[in-house]
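Hi there,

Here is the structure I promised to pass on to you. Have a look at it first, and then read my notes below with the viewer open.

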Amino acid sequence: MWRRFLLVCVVGAIQAQWDSAGAATQRERIEPSAAWATRSAGWPADTAWLLSPLALSHGATHSRRVALVIGNGEYGDAINPIRANAPRDAESISDALRARGFDVITRTNATPPQMRAAIDAFQRRLRTGDIGLFYFAGHGMQIGPQTLLLPARLDARADTRAPASLLNNGIDLNTVLDAMQSTRAGRLNLVILDTCLDNPFTPAAVAIEKPVISANTMIAYATAPGGFAADGPRHGVYTRALLQALNDGDASSESLIALFRHVAAEVRTVTRGIQQPWLSVAGSSIPTSGEAARESSNTSDDRAITPRSRGIMPKESGEQYEITFWESIKDSNYPADYEAYLKAYPNGRFATLAHARIDRLRAAASTPAVSSTPAAAPPPHPAAAPSPSPTPPASAAAAPLAQKTVAHPPTAGELRDCASCPIMVVVPAGSFAMGSNTDDPSEKPVHRVSIGAPFAIGKFPVTVEQWNACVAANACQKLTPQSNSNKAAPARDLSWDDAQQYVKWLAKSTGKPYRLPTEAEWEYADRAGTTTAYWWGEQMRKGNANCKDCGDPWHKEGPENVGTFAANPLGLYDMNGGVWEWTADCWHNSYQGAPVDGHVWDSPGCEMRVIRGGSWREGGDYMLSATRFKYSAGVRQSQDGFRVVKDLH
């Protein structure tokens, strides 16, 4: 399978004086176009105070420089060769930017929620920043007007068997541009795309629609529209050339256009002219050809490599791949899958059918399901027996998860404060070793935590049916229909703020002290007295968690009913897999200074909260008891849900 690598870097600062006295003859050759670009883009005419933001020496400038650098290489075995290169690119660029005075946020192998959270954090820091930089190393696609940056560890394998996943999980470049431009009028941004700029679903050449950028933004593309971007032995070819230029003091202190022309010349030499970089300033293209690479000791033909694409191109023909795409989604009960097909093939052979399927599913979601006598166990998932016909009747399309119900009455020793309230399990007081000694620094140091009093925690995550009781009381907002059609499944697509609304309503309506669990309480309850990596042992065993490749039942469309898998020793279900679960704690990068009594670890103005447990989209490596991640408190994500805790006084 071909590889494709997308690298977006937004640095902002635009160049030193274009008319600087004493410029070298080589720079004078490009001065007219550079000066025109500055004027036409509306950048400040007087930039004498600002040397190139990529220079090692900044003189007297006191500008605040902020960068977000992401390198994603974990996309499954089918596209493995960039696994090490992309994170390595990100780390090297981060080091180079820190040396140049940037406040750098670095993420490697970031999942969709982690990418969105990082962009949110980047936007907040940029509010007081003069110069902004976003760098992305990983796979990407150009689909019509969208340039999509692909997160790592997608919910399905990023290969020809899961094309809708690529489109549905991709982060639109415009999302990044909006974050950079929305609150920073007149401040400087630079975007660098080291990526193939083709549509992998439509091999024929098509016009590339440029993103809308503000007057103070430059985009440096690694290749021409519809073109090819090469990967090297340790870095992307374009990134390697950029790093070389940054290490050259003379080059890094030049105007940005001059700098990127040197980079482009090196890339053309190395790829024997196959890869043709270009620049765009406020939507106007500036050629980067016509300039020789900087003379150096390695300007011999030995630099040339056999180009290997960093793109994702199917082996099949365009016609075959369209059929492959349709076959992969034709039994889906999610409108987003058909919308993804229409993005790739707006006039495709199945376009009419895709539009009809979307209309049917939305109509079904807006019509309350009428269930008959409750079943003792959930019926088979509709995907378990796909229709042999690509055009099932409307009733089949509407039958999905909405009809699945399952009853879980409380048993002896369990608590329930009302018919629609969560069933609660009492957790005794005790102590445990929290964290792990894996290579994840956020799980260190391992520290002893003592839970001084018993508490009750939800036997299951809060379900759609339980959430809807809050909706009926006008205390919670309605759930996303396509993500929450099954009453017995965990409620999801919820933010931390949404979860707080629910616990406040539950506490008020019952008169009992409900809340979210602290992170320590969550891990203590999950481990249930065990000390192994998973509560069931040291190795992942199929059938213990609702996660990808972790055993049946599993369906890509969403999590299974709560209680489908085995309970841990405390009788708690779905602590691992199903949905990520919000905790009360603010995110901290490690456990240094963490409370040792199990209380909430909060911070004033905290915007990033801890999520635990993994979801049905992740693999077994995410099911470990110590695994922790973060997400923006105010952002909804389809994998995020929660369970509740009640204090026992």
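**What I found**

Let me start with one residue, and please keep in mind throughout that this is a predicted model. Setting aside the neighbours within four places in sequence, G571 is in contact with V425 and K459.

Look for an open sheet of four strands, in the order β14-β17-β23-β18, with antiparallel pairing. Which strands stand at the edges? They are β14 (424-427) and β18 (514-515); each has a single partner strand, so one side of each has no neighbour in the sheet.

Now zoom in on β17 (residues 455-458) and β23 (residues 645-647), which run antiparallel and are joined by three bridges. Within this pair, A456 sits opposite K646 of β23. Helix α16 packs on the sheet and touches β14, β17, β18 and β23. The direction of α16 makes about 75° with that of β17.

**Two crossing helices**

Next, turn to α14 (residues 464-472) and α15 (residues 496-510), whose axes come within 10 Å and cross at roughly 75°. Angles from 65 to 115 degrees count as roughly perpendicular, and α14 and α15 are therefore roughly perpendicular to each other. Which residues make the contact? On the α14 side they are Q466, W467, A469 and C470, and on the α15 side D498, Y502 and W505. Sorted by type, the residues of this contact are five nonpolar, one polar and one charged.

**The disulfides**

- C470 is joined to C476, with an S to S distance of 1.9 Å. The link is right-handed, with 70° about the S-S bond. C470 counts as buried because its relative accessibility is 0%, and C476 counts as buried at 8%.
- C547 and C550 form another disulfide, with their sulfur atoms 1.8 Å apart. This link of C547 and C550 is left-handed, at -110° about the S-S bond. Both cysteines, C547 and C550, are buried.
- C586 and C606 are also bonded, and their sulfur atoms are 2.1 Å apart. The pair links distant parts of the chain, 20 residues apart: C586 lies in strand β19 and C606 in the loop between β19 and β20 (608-612). The link of C586 and C606 is right-handed, with 100° about the S-S bond. C586 is buried, with a relative accessible area of 8%, and C606 is buried too, at 15%.

To finish, number the bonded cysteines of the protein in sequence order, and you will see the pairing 1-2, 3-4, 5-6, 7-8.

Happy exploring!

Terms used:
Residues are numbered from 1 along each chain as its sequence is written. This is a predicted model: local features need pLDDT of at least 70, side-chain atom pairs count only at pLDDT 80 or more; totals for chains, interfaces and linings use all residues. Side-chain values use heavy atoms; hydrogens and water are left out. Axes are lines fitted to C-alpha atoms, for helices over the stretch in contact, and angles run from 0 to 180 degrees between N-to-C directions. Angles under 35 degrees count as roughly parallel, over 145 as roughly antiparallel, 65 to 115 as roughly perpendicular and the rest as oblique. Contact means heavy atoms within 4.5 Å. Ala, Val, Leu, Ile, Met, Phe, Trp, Tyr, Cys and Pro count as nonpolar, Asp, Glu, Lys and Arg as charged, and the others, Gly among them, as polar. A disulfide is a pair of cysteine sulfur atoms within 2.5 Å. Buried means under 20% relative accessible area, exposed over 50%, partly exposed in between (1.4 Å probe, protein chains only). Two strands pair if DSSP finds at least two bridges between them.
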